[in-house]
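Please keep the sequence and the structure in view while reading.

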Amino acid sequence: MDRHKLDVVSCGKNYKRVQMAIVSGFFRNAAKKDPQEGYKTQVDQQVAYVHPSSALYNRQPEWIVYHEITMTTREYMREITAIDPKWLVEFAPNFFKVADPTRMSKRKRQERIEPLYNRYEEPNSWRISRVRLLGHGRD
């Protein structure tokens, strides 16, 4: 800090400042909660999970930033913090932008919801829904 002539200032009890500082450096490691499984990283759409030793393991926030992914039985994110997704646009405008809600991506337009079929239950028995891409599988 001396080299850049900056004062060392405490954030006090405002942890939001620390989280914002982490986002400004680790924005490439942002992940969003996936409804089906764990989290998906925003840069490469990799599925990962919160490490069981994490303090956020039971909370499962909607958006997080992680430091590293560790591969054991699954791919686990370690050293994570919950973030506000607006910070990604603020600190990395070349990587992230606010989506236009009136326009859907090509991939989203091709998806449709289809009920799961279980051959061990009655034919008209409905279970949870799943997303299936048009043109793949049976119609």
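## A residue and its contacts

Which residues does valine 65 touch, not counting residues up to four places away in sequence? Valine 65 touches Ile22, Val23, Phe26, Asn29, Ala30, Glu79, Ile80, Thr81 and Ile83, where contact means heavy atoms within 4.5 Å.

The model is a predicted one, in which local features need pLDDT of at least 70 and side-chain atom pairs count only at pLDDT 80 or more, while totals for chains, interfaces and linings use all residues. Residues are numbered from 1 along each chain as its sequence is written, and side-chain values use heavy atoms, with hydrogens and water left out.

## The barrel

In the order 1-2-3-5-4, 5 strands close into a barrel with mixed pairing. From one strand to the next, the twist averages 50°. Strands (E, at least two residues) and helices (H or I, at least four residues) are DSSP runs, numbered from the N terminus; two strands pair if DSSP finds at least two bridges between them. Strands of a sheet pair through backbone hydrogen bonds, either parallel or antiparallel.

Strand 1 (residues 30–33) runs antiparallel to strand 2 (residues 39–41), and 3 bridges join them. Lysine 33 stands opposite tyrosine 39 in strand 2. Their hairpin has 5 residues between the strands, and glycine 38 there takes a positive phi near 50°. Strand 1 is also joined to strand 4 by 3 bridges, again in an antiparallel arrangement, with alanine 30 opposite valine 65 in strand 4.

## The helix on the sheet

Helix 1 (residues 15–26) packs on the sheet and touches strand 1, strand 4 (63–71) and strand 5 (75–82). The direction of helix 1 makes about 55° with that of strand 4; axes are lines fitted to C-alpha atoms, for helices over the stretch in contact, and angles run from 0 to 180 degrees between N-to-C directions.

Alanine 82 lies in strand 5. Alanine 82 and glutamine 19 are 63 residues apart in sequence, yet 7.7 Å apart in space, C-alpha to C-alpha.

## The nonpolar cores

A nonpolar core is a set of buried Ala, Val, Leu, Ile, Met, Phe, Trp, Tyr and Cys residues joined through side-chain atoms within 4.5 Å; buried means under 20% relative accessible area (1.4 Å probe, protein chains only). The largest core has 10 residues, including Val23, Ala30, Val65 and Phe96. Strand 4 and helix 2 (85–91) are the elements that give two or more residues to this core.

Terms used:
Buried means under 20% relative accessible area, exposed over 50%, partly exposed in between (1.4 Å probe, protein chains only).
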